[in-house]
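Hi,

Here is the structure I promised to pass on. Have a look at it first, and then read my notes below.

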Amino acid sequence: MNRSELADLNAFVAVANHLSFRAASTQLGVTASALSHSMRQLEERHGVRLLHRTTRSVSLTDAGLRLLEQLRPAIDQISGALENLNQQRQRPFGRLRIHASPLAAPAVIAPMWGRFLSTYPEVRLDLLVDMIPIDIVASSFDAGIGPKHWAAADMIAVRLSGPMKVAVVGAPSYFERRRPPRTVDDLASHSCIQYRFTTDGATVPWTFERNGQDQADVAGGPSNRQPPDLAVRAAVDGLGIAYTVESLAAPFLRTGQLVRVLEGVSPSVETLFLFYPGHRQIPAALRAFIDMIRAPNRRRACVHSRIPSHKLSASLNS
């Protein structure tokens, strides 16, 4: 079926519903003569009279009535689909797929996901956390969050934060058993909560400022290899010293559950960006997500925020 035939069928349904070329032409935004021409084309193409018409009235033939009965459900379904599409443009609705780095997920998304999904209950947040950058368009994601170099050159990149300060932390109960480190070299005698981003990857090094430059050091001593999102939790539970970002440790530092060490040599890590394809026709759910995530007065909740399980579909790779 070509486009002109679909238009003629839609015109036929309008005429049949109104039994008036004038009323149908007003509904479709065309002239009555153009509508009459479309009906003649449809009838000639199929060799069947669909309408009886005079200058005063219009009625359906038996063939026209049978065609209308078959077409009306399909036309109504198409109209409903277009109306749903228009509603999605106007309000946050449907699935929102986000690809995020292991740092971005707890630092940026977790503090606001409960508020976002309670504000927009018709949105389903589908979150993939992975250290490996991907082609978000080819993988059908709406947006990604991570370092700027993850974004393709033609994507829109929105800055979400400035450089983030590193925090090296441990629980008071842990430091009751071992003297807090005063230098980076002292870490060799401590349990360091290390992690790797892939199952076969190397342990992520801890970087510190030495002689005015950032230098990578693989923390020595016994280690507890935890997924990145559990490193802070492990430190709170007294398993050892964690290397994380300030924003993730802040709630536990305020309550005294964690103590900060080596602050003088702790560096800053790269800024996080949200990136997505194109300026035009941004999905309403993504626009609402961007607006909320950038809100200057957003409340930074604990990274262990709870969220209804039916609202969030998450895939975590570590």
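Leaving out residues up to four places away in sequence, Val-169 touches Ala-235, Gly-240, Ile-241, Ala-242, Thr-244, Ala-249, Leu-253, Leu-258, Val-259 and Arg-260. Bear in mind that this is a predicted model. Val-169 itself is found in strand E7, which covers residues 164-170. Is Val-169 buried or exposed? Its relative accessibility is 0%, so it counts as buried.

Next, go to Ser-266. You'll find it in the loop between strand E12 (259-261) and strand E13 (268-269). Despite being in a loop, Ser-266 counts as buried because its relative accessibility is 0%, and the cut-off for buried is under 20%. Again not counting residues up to four places away in sequence, Ser-266 touches Lys-165, Val-166, Val-168, Glu-209 and Val-261.

Now for the rings. The structure holds five aromatic pairs. One of them is Trp-206 with Tyr-243, a stacked pair with 5.2 Å from centre to centre and 25° between the planes. This pair links distant parts of the chain, with Trp-206 in strand E9 (residues 206-210) and Tyr-243 in strand E11 (residues 241-245), 37 residues apart. Both partners are tucked away: Trp-206 counts as buried at 2% relative accessibility, and Tyr-243 counts as buried at 9%.

Tyr-243 also pairs with Phe-208. How do these two rings meet? Their centres are 5.6 Å apart and their planes are at 80°, so this pair is edge-to-face; the angle has to be over 60 degrees for that label. Since Phe-208 lies in strand E9 and Tyr-243 in strand E11, the pair ties together parts that are 35 residues apart in sequence. Phe-208 counts as buried too, at 1% relative accessibility.

Two other spots with rings are worth a click. Phe-116, Tyr-120 and Phe-289 form one aromatic cluster. Then there is Arg-97, whose charged end sits over the ring of Phe-141, 4.0 Å from the ring centre.

Cheers

Methods:
Residues are numbered from 1 along each chain as its sequence is written. This is a predicted model: local features need pLDDT of at least 70, side-chain atom pairs count only at pLDDT 80 or more; totals for chains, interfaces and linings use all residues. Side-chain values use heavy atoms; hydrogens and water are left out. Rings of Phe, Tyr and Trp (its six-membered ring) pair if their centres lie within 6.5 Å; planes under 30 degrees apart count as stacked, over 60 as edge-to-face and the rest as tilted. Helices (H or I, at least four residues) and strands (E, at least two) are DSSP runs, numbered from the N terminus. Buried means under 20% relative accessible area, exposed over 50%, partly exposed in between (1.4 Å probe, protein chains only). A charge sits over a ring if NZ of Lys or CZ of Arg is within 6 Å of the ring centre and within 35 degrees of the ring normal. Contact means heavy atoms within 4.5 Å.
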